Amino acid sequence: MTQTADQLPVAAHPARFPRNPGIPLDLDWVSSVQVNTSAVERRAGSLGARRSVKKDYQAAWLLRAITLMDLTTLNGDDTRGKVRRLCAKAKRPLRHDLVEALGVEELNITTGAVCVYHDMISTAVEALEGTGIPVAAVSTGFPDALSPFHLRVQEIEESVKAGASEIDIVISRRHVLTGDWQALYDEMRAYREACGEAHVKAIISTGNLGTLRNVARASHVCMMAGADFIKTSTGKESVNATLPVSLTMVRTTREYEAHTGYKIGFKPAGGISKAKDALVYMSMMKEERGNDWLEPDLFRFGASSLLGDIERQLEHFVTGRYSATFRHGIS
């Protein structure tokens, strides 16, 4: 399979850039943030309408997409056996015959991380020992962030102690909806401090925020408070990741870097289940932020079923035939 240098997949690896320490809350900056909704929707529509990459290039992009995935299970019926199977899939996301046919054995392709509830961290850490694949944990009263604040902070501390190296926190939407930016900043700052060396992804829960302006302002405040990543959704809202909200958030990372020099990661989550959708998001990241944002320290998909469709598309690339969806289960 022909691949160019900027299309080769990479395994999960430590961050290449200095971590965002945060800055003092700048309310003048926050209040000045505006979003041209019509222009954003027009740009987002053009991304989804264009012709995708094809053949060898598409296969290479799909292999890269695997390395950008937080392979996730966040269900009430999660068991230790299910999490161990998910971790096995994270370590070997493609069937061996497909890896051989594609000629990518030496790339040691894995997913970017495995994301679980706190109770399953120790199981995931044990299953992934020695692989370099990080364990991410959702925290702070996920998905609604309505538990007592001191318990949300304690939950982060307990998850880090249990071995999670990434924490996906949920912001209090009420702070955004009432414009209480100081409260949101203070909350996010406390979460960042509780994470210690663990990287923190701030879930903005865009489907609950009403306007793109709210999405942009919340993103800026979370970055000012030290978020390493900003993330669209919990996956539990009625509306999760969309191209307009993603484009809005990605552009806030560009503005924040221009102002501070720090690179912030982005994670769309919820509703991205098809390989073709992953390609659209990757194209957006390449065009808006460049090749640095096509690696797992700056871009992740929150995904559970996406990997199955990518594997199915890669099997079609190898064999010329589409297989049944049930042949590509995740766990």
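1. Some terms come before the helix pairs. Axes here are lines fitted to C-alpha atoms, for helices over the stretch in contact, and their angles run from 0 to 180 degrees between N-to-C directions. The model is predicted. Two packed helices are described by the angle between their axes and the distance between the axes.

2. Start with α10 and α11. Helix α10 covers residues 212-224 and helix α11 covers residues 243-260; their axes come within 9 Å and cross at roughly 40 degrees. That angle makes α10 oblique to α11. The crossing of α10 past α11 is right-handed.

3. Look next at who makes this contact. From α10 come L212, V215, A216, S219, H220, M223 and M224; from α11 come P244, V245, T248, M249, T252, T253, E255 and Y256. Sorted by class, the contact of α10 with α11 has nine nonpolar residues, five polar and one charged.

4. Now the aromatic rings. The structure holds five aromatic pairs. One of them joins W29 and Y256, which are stacked at 6.2 Å centre to centre, with 10 degrees between the planes. The pair links distant parts of the chain: W29 sits in helix α1 (residues 27-32) and Y256 in helix α11, 227 residues apart. Are these two residues buried or exposed? W29 has a relative accessible area of 14%, so it is buried. Y256 is at 0% relative accessibility and also counts as buried. Residues under 20% count as buried. Elsewhere, ring pairs link F266, F299 and F301 into a cluster.

5. A further helix pair deserves a look. Helix α2 (residues 37-49) and helix α12 (residues 275-289) have axes that come within 9 Å and cross at roughly 125 degrees. This makes α2 oblique to α12. Their crossing is right-handed. R43, L47 and G48 of α2 make the contact with V280, M284, E287 and E288 of α12. By class, the residues of the contact of α2 with α12 are three nonpolar, one polar and three charged.

6. Check the loop between α10 and β6 (229-231), where D228 is placed. D228 is at 7% relative accessibility and therefore counts as buried. Which residues does D228 contact, leaving aside its neighbours within four places in sequence? They are R19, N20, A198, H199, V200, I264 and G265.

7. Turn to A136 in strand β3 (residues 135-138). A136 is buried, at 0% relative accessibility. Not counting residues up to four places away in sequence, A136 touches V114, C115, V116, E166, D168 and K201. V104 is 32 residues from A136 in sequence and 27 Å from A136 in space, C-alpha to C-alpha.

8. The peptide bond from F142 to P143 is cis, with omega near 5 degrees. T140 is in the loop between β3 and α7 too. Phi of T140 is near 60 degrees, a positive value in a residue other than glycine. A145 is also found in the loop between β3 and α7. Phi of A145 is near 55 degrees, again positive in a residue other than glycine. Are T140 and A145 buried or exposed? T140 is buried, with a relative accessible area of 0%. A145 is buried, with a relative accessible area of 0%.

Note on methods:
Residues numbered from 1 in each chain as written. Predicted model: local features only at pLDDT ≥ 70, side-chain atom pairs only at ≥ 80, totals over all residues. Heavy atoms only, no water. Helix = DSSP H or I, 4+ residues; strand = E, 2+ residues; numbered from the N terminus. Parallel < 35°, antiparallel > 145°, perpendicular 65-115°, else oblique. Left-handed = near helix turned anticlockwise from the far one by under 90°. Contact = heavy atoms within 4.5 Å. Nonpolar A, V, L, I, M, F, W, Y, C, P; charged D, E, K, R; others polar. Phe/Tyr/Trp six-rings, centres within 6.5 Å; stacked < 30°, edge-to-face > 60°. Buried < 20%, exposed > 50% of the residue type's maximum accessible area, 1.4 Å probe, protein only.
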